[in-house]
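Visitor: Could you pick one part of this model and take me through it closely? I'd like the details in one go, please.

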Amino acid sequence: MSDCEKKSCCEEASGHDKEAQKSHAEGSLVEQMTHWWKSAGCKAWQEVVTEILKEKIRAAYGAHLEKGAEAFVAAEGARWQAKVAQAKAAAEFRKAIEKEVLG
């Protein structure tokens, strides 16, 4: 089992960063490059797994997720319109006060 399989990529990356700082201080180009390859390898594995999971999730739940996204966008639109209406009311109130106070 590789180091990448034993640890999460986040843990692995932080370990590589510590190694990189140490090796950089020692001036070892080989150690620095080894760090880059290990770190990039962990990241690549995670990205591939993420892409596969995204495909599977879309295939299994895509229609439901689309409906949920539509509901979310509609609700956010209504929330935004309410904020705009509130801002307009506040601006009108401010104008009325300015008119009364400043004439």
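Guide: Among the elements of the protein chain, α3 has the highest mean pLDDT, 97, while helix α1 (residues 3-6) has the lowest, 53. pLDDT is the predictor's confidence in each residue, from 0 to 100, and where it is low, the predicted coordinates should not be read in detail. This is a predicted model, so local features need pLDDT of at least 70 and side-chain atom pairs count only at pLDDT 80 or more, while totals for chains, interfaces and linings use all residues. Residues are numbered from 1 along each chain as its sequence is written, and side-chain values use heavy atoms, with hydrogens and water left out.

The chain has three helices and zero strands; helices (H or I, at least four residues) and strands (E, at least two) are DSSP runs, numbered from the N terminus. So let's stay with α3, residues 29-102. Its 74 residues would reach 110 Å if straight, yet its end C-alpha atoms are only 72 Å apart; the expected span is 1.5 Å times one less than the number of residues. There's a bend of about 80 degrees at Tyr 61, taken as the angle between axes fitted to the seven residues ending there and the seven starting there.

Ile 57 is partly exposed because its relative accessibility is 42%.

Further along come the salt bridges, meaning a side-chain nitrogen of Lys or Arg within 4 Å of a carboxyl oxygen of Asp or Glu. Glu 76 pairs with Arg 79, closest N and O atoms 2.6 Å apart; they sit three residues apart in α3, so about one helical turn separates them. Glu 98 pairs with Arg 94 at 3.0 Å, four residues apart in α3. Glu 98 is partly exposed at 36%, whereas Arg 94 is exposed at 57%.

After the helix comes Gly 103, with a positive phi near 85 degrees.

Conventions: Buried means under 20% relative accessible area, exposed over 50%, partly exposed in between (1.4 Å probe, protein chains only).
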